[in-house]
Amino acid sequence: EYDELPSTINIIFVDTSSSDKVVLRHGYDEKLKTLLSRYAAMRELPFKSLRFKYEDRMLFVSSVGNKSPYDLGMQHNDIVYASRLGNADVKHDKAGKTKKSRPSHDTGAKKGKAKSKGKKRAPTQTTYS
């Protein structure tokens, strides 16, 4: 008996710095480079500033970019961890120019006392198709 393969699957991306989750629908036989590029564009981050990990393996575009989720044995709702390198929080406008980010504000903590870290925000989950 033959089980029919799905035409699309959902891949859950988890940002390792914020724990935010993004669900992207992708063709089961489409190239992974397309999926990884969509994630970078959606997060407004330079593609080269991101690193992806699936099942404790780094996903290097040079080796898996032309492979599909099927080729890697990915299943519906599998998780890919995305981490940012260096100054990856810098945003770019459509012309590719760097946008200046707002400077962080001092919390006013007195010298010698540790600054309060404040409340952590809850992770978010967004689904795209």
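This is a predicted model: local features need pLDDT of at least 70, side-chain atom pairs count only at pLDDT 80 or more; totals for chains, interfaces and linings use all residues.
Residues are numbered from 1 along each chain as its sequence is written, and side-chain values use heavy atoms, with hydrogens and water left out.

The protein chain has 2 helices and 6 strands, where helices (H or I, at least four residues) and strands (E, at least two) are DSSP runs numbered from the N terminus. Read from that end, the order of elements is β-β-α-β-β-α-β-β. Two strands are said to pair if DSSP finds at least two bridges between them. Strand 5 pairs with strand 1 in the parallel sense over 5 bridges, and strand 3 runs antiparallel to strand 5, joined to it by 4 bridges. Within these pairings, Asp15 stands opposite Ala82 of strand 5, and Arg51 has Ser83 in strand 5 as its bridge partner.

Turning to the chain as a whole, 29% of its 129 residues count as buried; buried means under 20% relative accessible area, exposed over 50%, and partly exposed in between (1.4 Å probe, protein chains only). The chain exposes about 9800 Å², of which carbon and sulfur atoms supply 48%; these areas come from the Shrake-Rupley method with a 1.4 Å probe, and for residues only the protein chains shown count as cover. Among contacts (heavy atoms within 4.5 Å) between residues at least 6 apart in sequence, 59% join residues at least 24 apart.

The largest nonpolar core contains 21 residues. Such a core is a set of buried Ala, Val, Leu, Ile, Met, Phe, Trp, Tyr and Cys residues joined through side-chain atoms within 4.5 Å. Ile11, Phe13, Tyr39, Phe52, Leu59, Met74 and Val80 touch the most other members. At least two residues come from each of strand 1, strand 2, helix 1, strand 3 and strand 5, with helix 1 giving the largest share, 5 residues. Beyond its neighbours within four places in sequence, Tyr39 is in contact with residues including Phe13, Leu24, Phe52 and Ala82.

The model has 2 salt bridges, each a side-chain nitrogen of Lys or Arg within 4 Å of a carboxyl oxygen of Asp or Glu. One joins the side chains of Asp15 and Arg43 (2.9 Å, N to O). Asp15 lies in strand 1 (residues 8-15) and Arg43 in the loop between helix 1 (32-42) and strand 3 (50-54), so this pair ties together parts that are 28 residues apart in sequence. The other joins Arg84 and Asp15 (2.8 Å, N to O), linking strand 5 (residues 78-84) with strand 1 across 69 residues. Asp15 is buried, with a relative accessible area of 3%, whereas Arg84 is partly exposed at 27%. Together, Asp15, Arg43 and Arg84 are linked in a network of salt bridges.

Finally, His26 is found in strand 2 (residues 21-27). His26 counts as buried because its relative accessibility is 2%. A polar atom of its side chain lies 3.0 Å from the backbone oxygen of Lys31. Leaving aside neighbours within four places in sequence, His26 is in contact with several residues, among them Ser7, Leu32, Arg38 and Pro69.

Methods:
A polar contact is a pair of N or O atoms within 3.5 Å; within protein, one must be able to donate a hydrogen and the other to accept it, and residues adjacent in sequence count only if both atoms are side-chain atoms.
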